[in-house]
Amino acid sequence: MELRSHEPTGPIEERWEKHKEASKLVAPANRRRYNIIVVGSGLAGGAAAASLGEMGYNVQCFCYQDSPRRAHSIAAQGGINAAKNYQNDGDSVYRLFYDTVKGGDFRSRESNVYRLSELSLHIIDQAVAQGVPFAREYGGLLANRSFGGAQVSRTFYARGQTGQQLLLGAYQALSRQIEAGTVQMHSRHEMLELIVHDGRARGIVTRCLKTGEIKPHIADMVVLCSGGYGNVFYLSTNAKGCNVTATWRAHRHGAAFANPCYTQIHPTCIPQAGSYQSKLTLMSESLRNDGRVWVPRNKEDVTKRPEDIPESDRCYYLEERYPAFGNLVPRDVASRNALYVTNDGLGVGPEVDGERRGVYLDFSDAIGRLGEQTIRERYGNLFEMYERITGDSPYKTPMRIYPATHYTMGGLWVDYNLETTIPGLFAGGEANFSDHGANRLGASALMQGLADGYFVLPFTVGNYLGQVRTLPPLAEDHPDVQSAITSVNERITKLMNAPDPKHAPEHFHRELGKIIWHKCGMSRTAEGLKEALEQIPKLREQFWREVKITGNGEDFNQTLERAGRVADFFELGELMCIDALERNESCGGHFREEYQENGEALRDDAEFSYVSAWEWSGNPAEPRLHKEPLTFEYVKPTKRSYK
Amino acid sequence: MTDELLNLTLHVWRQPGPNRPGGFQTYPARGITTHMSFLEMLDVVNEELIEKGEEPIAFDYDCREGICGTCGMVVNGVAHGPQRLTTVCQLHMRQFKDGEEIWLEPWRAHGFPVVKDLVVDRSAFDRIIQAGGYVSIRTGSASEANEIPIPKKIAEQAMDAAECIGCGACVAACPNASASLFTAAKISHLSLLPQGQAERDDRATKMVAQMDEEGFGACTNHGECEAVCPKGVSIQWIARMNRELVRSIIKS
């Protein structure tokens, strides 16, 4: 396997233009002769399918949800970054590029990040033209806010539902193409296999979730925009259905998987309340602007009511350890410190599996200083959401928060064209690894999904098709298609007929999640990762022996859907731990306890300034590592410090 | 925080497929904590059913944070259950009392055929949007975002209408199974904005025609839709939709 990034050279601000000039095009009249499969209908997939349809290609779009409008991009709250500099506060394409490379802890590709930053400008124009109701100032112009510690106000937002509104914009554009007949939409269809013929991605095999029908779909190329793999942790802020299956099937066919250990943990989520819990809910990070984080100083106080703990017995640990940034330290630092205090037995809230995993986020000072009305205006909807879930009012008692998995920076390895190591297979949005390095900045996920979908893929897809010109037809009875169908059917049969069926798939998913969360979560050690690598294969064997699925495969069967996804999470989880063990440094979301300096992440640029791209070998325990070296011509690596 | 345990009796609509007869079946839900969400309570019941070798209750869900619009069922006669402005995934068991009997049914409407148990087919909503619920703007052809100022008040109103999550509770609650609130919310969102003006008349006509074609009933001002809408989408948009329709008829 050879990793060629195909990034252009020369001045960084000219690279994307230069690349476009050198690329092949497909003439408008010829586009309808090409069939393109897009898997996923979120910001990246929905935008790509709509844009490719508008250009005149024949697009088949697939999603597991009952409507393309429900992809998990919809849940993003905060906003979307763009270097418009409407606030005249010194923002620029270069500054957004610089912040993103630095925020990613110098583990991303400079050319890609610069392009993302350039395209951010067009995204806002496009969304406004679609009718996305962004927040506005009294003069009628677009409003911005500063987000996630950025020193400029470059975040555009639509109340607390920016992801929803941007997704509906893409969904509406997609709906227009469905009506026009350029896009055929397949909702409630899950991709279970990739069809590779003559070394090129030529189609997928899907299962219709309503009828259980297994069907091949053949095309000239395949684009995966199927999201991230945060649900490997079982509990995360992802939707329940989010899964790694599409990208993992591609990986098993030869698509390299890059940087799987780079996962992002969000510090302000509502803690787990019981072992039955099915997901974690994120609370906007903005809460840390006015809330003070603390835990009791003494272990015997953890079960007391917070109001009964005197000021002198409270430990405001972020303010004490990071006097300059206090409660506003970056996500990873805030998260890790919550882990340390709860490891010390100072966590609060209900006991789950013998541990109290929660810290207080207290608004009483802010209410005293600013009045309840001001706090209500700023955070009213968040406080209501918190009360609905926990039954406690944050106006009266401190919130309890704890970190949760939120986003995965790793994903399928792609070159500058977003093409994977399988020719004709492209990946966009959270499904690829490309732009965020080891850590993603707030309000950048929506930006990347839409940049890939609206502006990068429509172009690079044309370049690919312009190069291959005409592919030979592929019939459904060809052995390459039939073997993909057989593989899907055999797997379903195996899942439905475990030798000693005992437990529902959730049982195994929860156990896997606990291993990954404890050993490959916020803080990792070589020892812990080695333990995980012994535990995961054992649990996986047990899963295949004891998984119990009732009903049958030729019907609507949600248990079967989940079982297939859990099976793939086992293999991905193992790869995550292997990757985390190989990377003997700390960077961004990957914190190895052995590599730190005064409690801060210690990068090792001399040894680890590369992308880890893993190739499937047939044995999940022995993937092959390929390295794409990273060079920094513009943003010179520096150390992050928040002391 | 209190952590009481509840023992409940569930009467659940079970229906194996779209054209098959269905009926209520009764299941116990024991040892349910008040901190569980309603869907987590169903997860617990389902895991027990699977371990006993029975088929679990099929119900739709995804984000479980009240924004994707996937979940939805009628709980004791009310779409999304007893708590106002709350999707069933955000409903928590502290809203129920120990010993309570709970009746669960799918959205019932001609336009939403049952797929299985509590799962229905809402693709009619997609087709209503496809009929015209968009601004025809090609990728790449947009002008500078700040070129057209939009008064804050108008932008806020458009956002109020755009809050709809497409869950279908409005249809389930309406005695006529009308999709007016859903359709009106999108028509209003786009007709309020300058970007939506060019296709304004055409959009209203086409979307309403599609709504009728899907077999949804007419609005007779019961207001049940607004009462169950988890996002508080206002019935005023239906009045606006009707004005838009009249406007398009007069203009044509």
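Q: Leaving aside its neighbours within four places in sequence, which residues is Lys24(A) in contact with?
A: This is a predicted model, where local features need pLDDT of at least 70, side-chain atom pairs count only at pLDDT 80 or more, and totals for chains, interfaces and linings use all residues. Residues are numbered from 1 along each chain as its sequence is written, while chains are lettered from A and ligands numbered from 1 in the order in which they are written. Contact requires C-beta atoms, placed from the backbone, within 7 Å of each other. Setting aside neighbours within four places, the partners of Lys24(A) are Asn463(A), Gly466(A) and Gln467(A).

Q: Which element of chain B gives the most to the side that touches chain A?
A: The contact draws 67 residues from chain B and 66 residues from chain A. Helices (H or I, at least four residues) and strands (E, at least two) are DSSP runs, numbered from the N terminus. On the chain B side, α1 (38–51), β6 (114–116), α2 (123–130), α3 (152–162) and α5 (180–192) each supply at least two residues. With seven residues, the top contributor is α1(B).

Q: What percentage of the residues of chain B count as buried?
A: Chain B holds eight helices and seven strands, and its C-alpha trace spans about 60 × 45 × 35 Å along the principal axes. Of its 252 residues, the buried share is 55%.

How values were computed: Contact = placed C-beta atoms within 7 Å. Buried ≥ 20, exposed ≤ 12 C-beta atoms within 10 Å, placed from the backbone.
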